[in-house]
Structures are given as structure tokens and as C-alpha cells.
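Subject: Structure handover

Hello,

Here is the structure I promised to pass on. Please open it and keep it beside this email while you read.

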Amino acid sequence: MTTTPAALRRIDSPIGRIEIVGDGTAVTALSIERDGSLPHDDLPELSDEVLDRAALQLEQYFAGRRHDFDVPVKLAGTAFQRSVWQQLVDLEWGEVVSYGDLGRGTGRATAGRAVGGAVGANPVPIIVPCHRVLGSDGTITGYSGGEGIPTKSWLLAHEGIEHRVPRGYEAVPLFDVEAGLAEAGAGSSASRAGAA
């Protein structure tokens, strides 16, 4: 059974609608639309100052005007998960890390599967940038947000990060600064039009 969040806000984005959840003091979850739905679509929005700030910063990120986030985030998980997520928080715009590097950063160099599980369980994607984790050869190995690999490819391309996609997928071309701003604006407008 899902508990009703203290605060809830939705925004449109070039990768689909985004739902931000908070506890009144911090962002506790962020979900990217999958197959046209979000976890709390049945609930009305009830925003607060923290979620309004998070929404503004996400809109700036998608417009290419923001490269990092400074909203309070509360990450609930195991000690191991939190150690992986802290390494993600420390990544900067355009910077990537491999699953192996994350494992070494936790002191468990051979914990590849556990690292992958922790990355996939990140409750606040984009703000805690799990999309910046790639296989050792630069390939996307998966993504639990939105529509999966295509969503991750879009986020990487938006940040100018070269990457490879698994067979059967098509990589999003890297954005240049001007094209990225135009793409983000056009995607956001199209998303709003589709939601109307």
C-alpha cells in the first residue's frame, strides 16, 4: 500500500511528465512518466516551497540553464545504497562514472551487481544523477526511470556525454548548446500540448 505523500508536484519535461514528492522539508522521490502514468496520478497536487524550488530547478536543467541542484533531498535506503547515492551526488554536469568505480568508492570493488541494484533503486533520479553511470565501455546498461534506455540516452545527450546504447536502441545525438536549448524548449512545449 502506497502512503499519501505530504507534498506532491508534477511538471512537464522533454522526457515526459515528472512527479516530485516531498515530506515538507526535502524531496523524497522523483518519478519520470512511464507508459503515460506516474505513481500518484490519482492524487491531487499539493506543493510546498521545497517542491516549487525543485520544479523550477528541473525546468532550468531541461532548458540548459542549470547544471546542478541545491534543493534538500532525503534519501531513504541501506547504508550501502546511501554510500553509492552520495557518490552520484558528487558527480558534476557532464561527468560519468562506471559501476566498477562506484564499487571501488564503497570499498567493495567486486560488488557490481549490488552497485547496479543501488543505482537502480535511487529514489530521486536526475537530481541525484544516476543517469551518469555507464558500463566500463561507455554503454548504457539500463535505466529504471521513464522509458528506460531512451530516457537515459536523452539525459546523457542533453549533458553532452558521449555514450553507446545496447543493440536494438538508437542513441540520442549529442546536443550542442544552441540545439540543446532549442530541443529542450520544443520538447517541453510538445509535452505541454500533449497534456492539454
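Is Tyr 143 buried or exposed? Tyr 143 counts as buried, at 11% relative accessibility. The term has cut-offs: buried means under 20% relative accessible area, exposed means over 50%, and partly exposed lies in between, with a 1.4 Å probe and protein chains only.

Before the rest, two notes on how to read this. This is a predicted model, so local features need pLDDT of at least 70 and side-chain atom pairs count only at pLDDT 80 or more, while totals for chains, interfaces and linings use all residues. Residues are numbered from 1 along each chain as its sequence is written, and side-chain values use heavy atoms, with hydrogens and water left out.

**The chain overall**

The chain has 6 helices and 5 strands. Both are DSSP runs numbered from the N terminus: helices are H or I with at least four residues, strands are E with at least two. Read from the N terminus, the order is β-β-β-α-α-β-α-α-β-α-α. The chain has 196 residues, and 46% of them count as buried. Its accessible surface is about 9,800 Å². Carbon and sulfur atoms hold 51% of that surface. These areas come from the Shrake-Rupley method with a 1.4 Å probe; for residues, only the protein chains shown count as cover.

Now contacts, meaning heavy atoms within 4.5 Å. Take the contacts in the chain with a separation of 6 or more: 59% of them join residues 24 or more positions apart.

**Back to Tyr 143**

Tyr 143 sits in the loop between β5 and α5. Set aside its neighbours within four places in sequence. Its contacts then include Ile 32, Arg 34, Pro 125, Ile 126, Cys 130 and His 131. Gly 148, Ile 149, Thr 151, Lys 152 and Leu 155 also touch Tyr 143. Gly 116 is 27 residues from Tyr 143 in sequence, and their C-alpha atoms are 9.9 Å apart.

Ile 126 is in the loop between α4 and β5. Ile 126 is buried, with a relative accessible area of 1%. Its phi is positive, about 75°, although Ile 126 is not a glycine. Asp 35 also is not a glycine and has a positive phi, of about 50°. Asp 35 lies in the loop between β3 and α1. At 65% relative accessibility, Asp 35 counts as exposed.

**The aromatic rings**

There are 4 aromatic pairs in the structure. Rings of Phe, Tyr and Trp (its six-membered ring) pair if their centres lie within 6.5 Å; planes under 30 degrees apart count as stacked, over 60 as edge-to-face and the rest as tilted. Tyr 61 and Phe 62 have ring centres 5.3 Å apart and planes at 75°, so this pair is edge-to-face. Tyr 61 is buried at 0% relative accessible area. Phe 62 is buried at 4% relative accessibility.

Phe 62 also pairs with Trp 154. That pair is tilted, with 5.9 Å from centre to centre and 50° between the planes. Phe 62 is in helix α1 (residues 49–62) and Trp 154 is in helix α5 (residues 149–158), so the pair ties together parts that are 92 residues apart in sequence. Trp 154 is buried, as is Phe 62. One aromatic cluster is formed by Tyr 61, Phe 62, Phe 69, Trp 93 and Trp 154.

**Helix α2**

Which residues of helix α2 are buried? In α2 (residues 79–89) they are Phe 80, Gln 81, Val 84, Trp 85 and Leu 88. They cover an arc of only 130° around the axis, so they are on the same side of α2. The arc is that of the directions from the helix axis to the C-beta atoms. Their cover includes α3 (99–105), α4 (112–120) and β5 (133–134).

How do α2 and α4 pack? Their angle is about 75°, and their axes are 9 Å apart. α2 and α4 are therefore roughly perpendicular to each other. Phe 80, Gln 81, Val 84 and Trp 85 of α2 meet Ala 114, Val 115, Ala 118 and Val 119 of α4. Axes are lines fitted to C-alpha atoms, for helices over the stretch in contact, and angles run from 0 to 180 degrees between N-to-C directions. Under 35 degrees counts as roughly parallel, over 145 as roughly antiparallel, 65 to 115 as roughly perpendicular and the rest as oblique.

Best wishes
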